[in-house]
Amino acid sequence: IGPSIGWLAEGEFAIEEEFDAVQTVFNLFEQVPGQHFIDTIRDQNAETSLIPRVPHSSGLLNEQVTPDTELGDDDHRAYRPDEWYETGWEKVDSLRFLERDGERTMGQAAIQWLLSHDEVATVTPTFRTTADIDEWAAASETPPLSPEETERVSGLAETNFNVSRDDGMDSLRSSVDGEDLEDIEKGYAGS
């Protein structure tokens with residue numbers, strides 16, 4: 001579910017009814033859906049787990065989409081505003097500290113960050129090549145994020161990763177016409 005068209009109501013219902021898992025958009029840049037459900041699971045002492053999808057923020061966090069990438073008309077990502085990519089690349093640069101030379105790639109760090117949440121059961125990354133499969137499968141064997149790294153990510157998320165301009169996605173961030181977002185800070189990761 002998510003990040004738009006009813007994600008909040010559907011996810012809260014699933015947790016209230018003790019579904020085994022809720023699959024939702026959740027990654028370093030789009031933290032609101034996942035963090036909301038983690039808080040809800042904890043508040044309700046529910047047994048529901050999260051299964052994050054889009055863990056690499058549509059190719060930004062594994063650098064599949066770079067400033068040189070040309071997306072074809074058949075690629076859904078081509079319909080995102082240019083500002084989304086431009087701010088995303090700036091955000092990636094602010095997270096370079098998560099890479100560990102030869103020990104952990106940015107793509108693996110994105111998965112490790114998700115796995116650092118007890119409520120996350122597994123992660124469903126997108127893969128296009130055998131190399132992607134090998135890298136994502138090896139993510140759980142890389143060094144987990146340290147408490148300092150996790151705290152630094154939290155601080156960056158609170159400041160929108162030190163990016164002060166709009167990413168052009170606000171019109172796409174809603175749930176049930178936005179009415180059920182009134183009590184939640186609108187936007188993802190501080191945007």
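Me: How far apart are the closest N and O atoms in the salt bridge of Glu90 with Arg165?
Reply: This is a predicted model: local features need pLDDT of at least 70, side-chain atom pairs count only at pLDDT 80 or more, and totals for chains, interfaces and linings use all residues. Residues are numbered from 1 along each chain as its sequence is written, and side-chain values use heavy atoms, leaving out hydrogens and water. A salt bridge needs a side-chain nitrogen of Lys or Arg within 4 Å of a carboxyl oxygen of Asp or Glu. For Glu90 and Arg165, the closest N and O atoms are apart by 2.4 Å.

Me: Is Glu90 buried, exposed or partly exposed?
Reply: Buried means under 20% relative accessible area, exposed over 50%, and partly exposed in between (1.4 Å probe, protein chains only). Glu90 has a relative accessible area of 34%, so Glu90 is partly exposed.

Me: Which residue forms a salt bridge with Arg104?
Reply: Helices are DSSP runs of H or I with at least four residues, strands runs of E with at least two, numbered from the N terminus. Arg104 lies in the loop between α3 and α4 (106-115), and its partner sits in helix α6, so the pair ties together parts 45 residues apart in sequence. Both residues are buried. The closest N and O atoms are 2.7 Å apart, and the partner is Glu149.

Me: What is the bridge partner of Ala21 in β2?
Reply: Two strands pair if DSSP finds at least two bridges between them. Strand β1 (residues 21-25) and β2 pair in the parallel sense over five bridges. In β2, the partner of Ala21 is Ser49.
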